[in-house]
Amino acid sequence: MRIGTYNIRGMHDDVPALVRVIQAMDCDVLCVQEAPKFLWWRSKRHELADLTGMRIAAGRRLAGLAVYVRPGVKILHEETHVLKIFFPREIRGLALAVVEVEGVRLAVGSIHLALVPAQRLHHANQIMSLVEAAAARFSAIPVVCGDLNETDHQPTWRYFAGRLSDCYPAAPRGDGRTFTARNPSSRIDAVFAGPGLRIDWCGGAEAAPADLVSATDHLPVIASLTPAPAPADTP
């Protein structure tokens, strides 16, 4: 199965290029950050679903987050949460969908963390509690995807990587850098997968370079995952 994450900058850039990149990602589940959240936000999100042949599994207006799934993926449950508000900073949240992909249940959360380090870490604790609770309720594997606004040596990234597997270093494909799309120098977008999933590879989309630059200011991340075999019984 392919799980992806993509910051689409409100669909303010080249929408046809964005559609082509998402189609090239070929994801079963796609977590989106900076989904439209202002004027005509609902119709724009549905337009993206229609253009890419996907469905919206989770995500409301506040915090600009969404989870999309391809046809054939079963949607079992959805939640949208507003995380602790640090006024006057931007509202942050969690879009969470419990889905079933080829018989495997996943609790997938789309996140976009704050620019302030202490706020990121506070929200990360909230996010993991919510995702793990949903995973336990539905006997699903937790997966967290999104734009962390920090790199892998910083505390919040290390927190997620301590609870789940950071997919890219486990099985890298490409250089991993995601920001900016025009001149990528940092890896600030990631897929974190819970136990029970084997990471086959993780990297970017095989899309036209011009589309990747025109679609938005981030590069997407895709993780190809396989259910891990159950451990053998020991005598």
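Mentor: Start with two strands, β11 and β12 (197-203): each supplies at least two residues of the lining of the largest pocket. Strands here are DSSP runs (E, at least two residues), numbered from the N terminus, and helices are H or I runs of at least four. This is a predicted model: local features need pLDDT of at least 70, side-chain atom pairs count only at pLDDT 80 or more, and totals for chains, interfaces and linings use all residues. Residues are numbered from 1 along each chain as its sequence is written, and side-chain values use heavy atoms, without hydrogens or water.

β11 gives the most to this lining, with three residues. In total, 20 residues line the largest pocket. Asp175, Gly176, Arg177, Gly204 and Leu219 lie nearest its centre. By class, the lining has 10 nonpolar, five polar and five charged residues; Gly counts as polar.

Five bridges join β11 (residues 189-193) to β8, and the two run antiparallel. Strands pair if DSSP finds at least two bridges between them. Alanine 190 in β11 is the bridge partner of glycine 146.

β8 also pairs with β7 (residues 104-112), in the parallel sense, over seven bridges. There, valine 108 has valine 143 of β8 as its bridge partner.

Why is β8 largely enclosed by the rest of the structure? Seven of the seven residues of β8 (residues 141-147) are buried, so the rest of the structure largely encloses this strand. Buried means under 20% relative accessible area (1.4 Å probe, protein chains only).

Notes: Buried < 20%, exposed > 50% of the residue type's maximum accessible area, 1.4 Å probe, protein only. 1 Å grid on protein atoms, 1.4 Å probe; cavity = no way out; pocket = protein on both sides within 12 Å on 5 of 7 lines; lining within 4 Å.
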